[in-house]
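Please keep the sequence and the three-dimensional view at hand while reading.

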Amino acid sequence: MDKLLKTIVFDNQITLSVLDTTDMVNEAIRVHNLSPVCAAALGRTLTVCTFMSSNLKNQKDKLSVTVKGDGLGGKITVCGNGNLDMRGFIDNPQIDLPLRADGKLNVGACVGKNGRLTVIRSMGLKEPYTGSSELISGEIAEDFTAYYAFSEQQPTAMALGVKIGTEGKCVGAGGVIVQALPGATDEALFLAEEIVKDCKNISTLIEEKGAEWVVKELFFTDKFDTYCPKYKCLCSREYIEKVLISLGKNELKDILKNEGEIKVNCEFCDKEYKFNDKDIEELFK
């Protein structure tokens, strides 16, 4: 079961979040038939977006993030809500790339260095909050760290990782994210950042030790709140029907005339919805 552990460390100066998203990544692999490098790219993004969703004030608040670089994987899209229902996809899910010189998956080449990271939060206000920053490396952790620094002026350090086994299944995925609270000393932030640097192999730590071990042994506390994120698509036939109605009856009739039926695929779960002429007539009664 995936988990998110949250607490405050170093004399209440630094917030700490440790995530285990192994099951979430495996569900994404199953749904999208992801190659290892695409699983790593999407998995890292799902992990950090789970953290971001946990900071939404209400369960119905929504988060939408796009990472659009010039890499072969194409755009990454991840959505979530305050209930930590997460979902996502990558445009080209089956691309494969040679390993980096250090033997690790080349996520940077999959995502690309040239592009932007965009965050949209819908929190029940008239207008959603939108923030954006340029990509730094395409390795995801560095890009989101830069986003927090430039777009939200929030000192942040993070380590993200996805480890894929020999059979294409994720054996460990997660992250460590620290952020400075107002009034935090440079010494506290430096110490937290140094510990995060030691978590470069966070996916292996999650696989072998677990998220609780990371909190207790590396940050010296056994007090934390536990949350249970999950990969969950929120699409439904009723939702698709509302979208079709917004297109208008005449346009739908034209599609039926040319195609014989209307097919709608959900990009997040790959589920297909079909509508025939009788279905469309029922929608507009």
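## Strands and sheet

Two strands pair if DSSP finds at least two bridges between them, and strands (E, at least two residues) and helices (H or I, at least four residues) are DSSP runs numbered from the N terminus. Residues are numbered from 1 along each chain as its sequence is written. This is a predicted model, in which local features need pLDDT of at least 70 and side-chain atom pairs count only at pLDDT 80 or more, while totals for chains, interfaces and linings use all residues.

An open sheet of mixed pairing is built from six strands in the order E7-E6-E3-E4-E5-E11, and its edge strands, E7 (129-134) and E11 (230-231), each pair on one side only. Strand E5 (residues 85-90) runs parallel to E11 and is joined to it by two bridges, with Met86 standing opposite Tyr231 in E11.

## The largest pocket

A pocket is an open set of points, on a 1 Å grid over the protein atoms alone, where a 1.4 Å probe fits and protein lies on both sides within 12 Å along at least five of seven lines; lining residues have an atom within 4 Å of a point. The largest pocket has a volume of about 780 Å³, a volume being the space filled by probe spheres set on the points, which are joined across faces, edges and corners. Of its 28 lining residues, Arg44, Arg100, Lys104, Leu160 and Lys200 are the closest to its centre. The largest share of this lining, eight residues, comes from E8.

## The second largest pocket

The second largest pocket holds about 490 Å³ of space. Its lining has 19 residues, and those nearest its centre are Lys62, Arg87, Leu234, Tyr239 and Phe268.

Key:
Side-chain values use heavy atoms; hydrogens and water are left out.
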